[in-house]
Amino acid sequence: MIEKSIEESIVMSIFDLANQLKKIGDDVYQKVGLTTQQWLILLHLANNPNLPFFKREKHDKALMASELADSLNVTRANITNLISVLLDKGLIKQYEDELDRRKKRLILTKEGIALVNRTQPSRLGVIKYLTEGFNEEEKKTFLLFLEACMSKLINEDEKLKSFHKLLVDAED
């Protein structure tokens, strides 16, 4: 059967934390008529420097839907639906790229900026609450661990692919 291990406990705890954060986000952002994913789009368009996406990729221009889909790890169809809601609510707008008119870039509207600014204190309050009791060194170490795990998953090296193959072979 399954044995207890610190490594699996870490990963399962990260899953649990992610689920809890999503639930809290859904409860909070539902009050302003948004889902957590829609809120994350607003944070991307606000160029939140704390998002891992901006650490991995530098952007001089406003983001496109495809870039948001990659960052949020959702399908193109899913991101289109999320963006449509935000466009309808007047929180974002899109414009044609100057160099390639086929590309549509997205920016926050004044209303979108105001919403991000209005909800920032409560969002930061939750973050402060979750991280209180950890010193700066512990926070940095934890962040480095998470970044290293994400790097492995994003880069999908050959070792990770071999684990996928084991799973597929086990199903056959």
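I looked up Asn 73 to begin with, and in this predicted model Asn 73 is exposed, with a relative accessible area of 70% (buried means under 20%, exposed over 50% and partly exposed in between, with a 1.4 Å probe and protein chains only). I placed Asn 73 in the loop between helix H4 (65–72) and helix H5 (76–88), where helices (H or I, at least four residues) are DSSP runs numbered from the N terminus. I noted for Asn 73 a positive phi of about 55°, although Asn 73 is not a glycine.

I then turned to Asn 47, which lies in the loop between helix H2 (36–45) and H3 and has a positive phi of about 55° without being a glycine. Asn 47 is partly exposed, its relative accessible area being 48%.

For the conventions, I kept in mind that residues are numbered from 1 along each chain as its sequence is written. Local features need pLDDT of at least 70 and side-chain atom pairs count only at pLDDT 80 or more, while totals for chains, interfaces and linings use all residues, and side-chain values use heavy atoms, with hydrogens and water left out.

Next I checked the domains: the chain is divided into domain 1 (6–132) and domain 2 (134–172), with bounds from an automatic or database domain assignment. The contact (heavy atoms within 4.5 Å) takes seven residues from domain 1 and six residues from domain 2. I found the centres of the two domains, taken over C-alpha atoms, separated by 22 Å.

How much area do domain 1 and domain 2 bury between them? I read about 540 Å², of which 65% is on carbon and sulfur atoms; buried area is the accessible area (1.4 Å probe) that two parts lose on being put together, summed over both.

I looked for salt bridges (a side-chain nitrogen of Lys or Arg within 4 Å of a carboxyl oxygen of Asp or Glu) and found that the count between domain 1 and domain 2 is one. I also noted that the side chains of Lys 55 and Glu 147 meet in a salt bridge, at 2.9 Å from N to O. On the side of domain 1 that touches domain 2, helix H1 (6–30), helix H3 (52–56) and helix H6 (110–131) each supply at least two residues.

My last entry concerns Gln 120, which has its place in helix H6 and is partly exposed at a relative accessible area of 26%. I recorded that Gln 120 and Ile 107 are 13 residues apart in sequence and 18 Å apart in space, C-alpha to C-alpha.
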